[in-house]
Amino acid sequence: MAETLFDVVVVGAGYSGLAASYHLKGYDLAHIVFERGKIGESWRSQRWDSFRFNSTNKLNVLPGEDPEPADPDSFSSASAFVSGLEHYVRSHQLPVVENSKVISIEKPGEVFIVSVLSNNEVKIFFCKQVLIASGVANEIKIPSLAKDISKDIMQLHTSEYKNAGQLPDGAVLVVGSAQSGCQVTEDLLYAGRKVYLSTSMVGRIPRWYRGKDIFYWVREAKFYDIKAEEIEDPRMLELRPPQITGTGSGRDSMSLQSLSKRGAVILGKMKDATESTVFFQQDAAQHVKFADEFSQKIKKLIDDHIAENNLSTPPVHYDEADIPDVDANCASKITALDLKKNNINSIIWSTGFDHDHSYIKLPVFDDKGKLIHKDGIPGFPGIYFIGYPWLRTRKSPILFGIIEDVKFVVDKLYKSSKENFKSATIEI
């Protein structure tokens, strides 16, 4: 029988997948977008109630939308963002199929065979090219030592945390001090909880500087334009995005010392655990200083840009949270924490995500499961990836960087489609 041969199958109906669908439709490429949950599922189900984006609305605009959205300088909530994605699908009539999990992608011949589980039924689709837009955050990652901790302690990943009310009474240990860990710590402190924060090596940037939002300056100064191949120290590619907040006045920064002043206990990196005790490295001070130095470097980059271009800007405003803690006085020297004695009844793991690409039965990963690619395009023809950190540049995991990556990759896909494919149907 005759089966439709799609030009493209897109996996994932989040921000990048929908942006890709918009461009594919503009190129008149027959495609379908499969989403394992609902549109924007990770934003819908993996964010806490008080979550706010750390980039302003005007930086999060999808292609084809008004570049000056309502409340352009506000920070969107997750629910408002998801509503925007749903409206985007409706208004542009994008071919999204929800609750459809791609379970296998193969290419035994000239075309890709995509198996999709939907309503407990496996359906088969055929396509010329495949675009993976599910990102690298589709599986939660919790260290194995978590299983050694008493079952009496509630343990949640940040993707499962909603608000302090879902936790038992008492103090909370947050493990991980990148953006999510610091923002969840902030949320818990607002709720009146005692918080212990286990930190790691993460930079931070001020929220507002020299009269502008920080993202205005780092974009103008080309900080995010550096390419992966230009990075000399490969460890830089593994650094987490810098700490920053989208809550508050929109001009106030967040730092380990500001969290400490509000009551958080700043600990080193967790290294071990028993049923009742967790252990930490004595490196909290190092983490505080690293974050402060990162902020200082960013501000110097901006100052140099202002001077080189002879720009007229306001002086630096007072931002208490951004004042360096030169001696790292906020850092605790605690290396062992008895959970019961300190009334810690909850642990929130802000330890990031992993990805499961086992469904992709193609030679595009190395022996450690890392994607082998150049600008999102592997050596294996016909499959493309978007939404990866450092896919092309430092800004690749940020929404305004994702938009640029999507356009670049879809343009490459379209060029390949025009050069290599003509048929619209196959016989099977």
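Which strands form the open sheet with antiparallel pairing, and in what order?

1. Basis of the note. The model is predicted: local features need pLDDT of at least 70 and side-chain atom pairs count only at pLDDT 80 or more, while totals for chains, interfaces and linings use all residues. Residues are numbered from 1 along each chain as its sequence is written, and side-chain values use heavy atoms, with hydrogens and water left out.

2. The antiparallel sheet. Three strands, in the order β14-β15-β16, form this open sheet. Strands here are DSSP runs of E with at least two residues, helices are runs of H or I with at least four, and both are numbered from the N terminus. Two strands count as paired if DSSP finds at least two bridges between them. At the edges are β14 (270-273) and β16 (336-338), each of which pairs on one side only. Neighbouring strands of this sheet are turned against each other by 25 degrees on average, direction ignored. Strand β15 (residues 277-280) pairs with β16 over three bridges in the antiparallel sense, and V278 stands opposite L337 in β16.

3. The parallel sheet. Five strands in the order β8-β17-β9-β10-β13 make an open sheet with parallel pairing. Strands β8 (154-157) and β13 (265-267) are at its edges with a single partner strand each, so one side of each has no neighbour in the sheet. From one strand to the next, the twist averages 20 degrees. Strand β8 runs parallel to β17 (residues 344-349), and four bridges join the two. Within this pair, H157 stands opposite W349 in β17.

4. Axes are lines fitted to C-alpha atoms, for helices over the stretch in contact, and angles run from 0 to 180 degrees between N-to-C directions.

5. Strands β4 and β5 run antiparallel and are joined by six bridges, with I113 in β5 as the bridge partner of E106. The hairpin from β4 to β5 passes through five residues. Strands β5 and β6 are also antiparallel, with seven bridges between them, and F125 in β6 is the bridge partner of V114. The hairpin of β5 and β6 has two residues between the strands, and N119 takes a positive phi near 55 degrees there. Strand β5 (residues 112-118) is largely enclosed by the rest of the structure, because five of its seven residues are buried. Buried means under 20% relative accessible area, exposed over 50%, and partly exposed in between (1.4 Å probe, protein chains only).

6. A nonpolar patch. Residues I103, L117, V122 and I124 make a nonpolar surface patch of about 300 Å². Patches are made of residues with over 30% relative accessible area and no salt bridge, with like charges joined within 9 Å and nonpolar side chains (Val, Leu, Ile, Met, Phe, Trp, Tyr) within 5 Å. Areas come from the Shrake-Rupley method with a 1.4 Å probe, and for residues only the protein chains shown count as cover. V122 is found in strand β6 (residues 121-132) and is partly exposed, with a relative accessible area of 45%.

7. Salt bridges. The structure holds 17 salt bridges, each being a side-chain nitrogen of Lys or Arg within 4 Å of a carboxyl oxygen of Asp or Glu. K38 and E98 form one of them (3.4 Å, N to O). This pair links distant parts of the chain, 60 residues apart: K38 is in the loop between β2 (31-34) and α2 (41-45), and E98 is in the loop between β3 (96-97) and β4 (100-106). K38 is partly exposed at 34% relative accessibility, and E98 is partly exposed at 25%.

8. D322 and K299 meet in a salt bridge (2.6 Å, N to O). D322 lies in the loop between α7 and β16, and K299 lies in helix α7, 23 residues apart. D322 is buried, with a relative accessible area of 7%, and K299 is buried at 12%. R204, D292, K299 and D322 are linked in a network of salt bridges.
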